[in-house]
Amino acid sequence: MGAVFALTVRKNDPGAGMLLAAAVALGLLTAAVSAMAPVMAFASDLRELTGLSDSVTAPLFKTVAIGIVTHIASSVCQDAGEASVAKAVELCGSMLALYAVIPLMSAVTELIKDLI
């Protein structure tokens with residue numbers, strides 16, 4: 001409903017339409033974050049049951065969060081007509097995801113060393 005309204009407003013006033021679309025996206029993002037509470041509770045329970053440390057699970061959650069934020073930022077840039085900025089955002093997000101996963105890869109490397 002909000003997206004249709006934003007498209008209608010964008011025809012007459014592109015700036016206001018963009019702001020309205022951003023507000024609708026922010027509202028949807030807020031709803032999605034609140035819907036993630038059960039997922040996070042399940043992940044916490046799973047971590048406790050398996051005995052995995054935060055050094056293993058935290059990089060996974062950080063990487064997922066980086067991917068979500070990167071996707072949203074890239075989409076906003078593309079909607080604003082800035083395709084080159086959107087590609088730069090995607091590249092930076094990929095590099096940040098790789099950086100966030102370094103502790104997990106270090107733990108895997110140590111585990112392999114111990115097995116050899």
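**Exercise 1.** Find which residues threonine 57 touches, not counting residues up to four places away in sequence.

*Solution.* Count a contact when heavy atoms lie within 4.5 Å. Leaving out residues up to four places away in sequence, threonine 57 touches Arg47 and Leu52. Next, locate threonine 57: its place is in helix H4. Helices here are DSSP runs (H or I, at least four residues), numbered from the N terminus. Last, threonine 57 has 10% relative accessibility and counts as buried; buried means under 20% relative accessible area, exposed over 50%, partly exposed in between (1.4 Å probe, protein chains only).

The model is predicted: local features need pLDDT of at least 70, side-chain atom pairs count only at pLDDT 80 or more, and totals for chains, interfaces and linings use all residues. Residues are numbered from 1 along each chain as its sequence is written, and side-chain values use heavy atoms, without hydrogens and water.

**Exercise 2.** Determine which residues of helix H5 are buried and which are exposed on the other side.

*Solution.* Helix H5 spans residues 83-100. Its buried residues are Ala86, Gly93, Ala97 and Ala100. They lie on the same side of H5 because they cover an arc of only 65° around the axis, taken from the directions from the helix axis to the C-beta atoms. On the other side, Ser84, Lys87, Leu91, Leu98 and Tyr99 are exposed. Helix H4 (54-79) and helix H6 (102-115) are among what covers the buried residues.

**Exercise 3.** State how many disulfides the structure holds.

*Solution.* A disulfide needs a pair of cysteine sulfur atoms within 2.5 Å. The structure holds 0 disulfides. For cysteine 77, the nearest cysteine sulfur is that of cysteine 92, 11 Å away.

Conventions: Helix = DSSP H or I, 4+ residues; strand = E, 2+ residues; numbered from the N terminus. Expected span 1.5 Å × (residues − 1).
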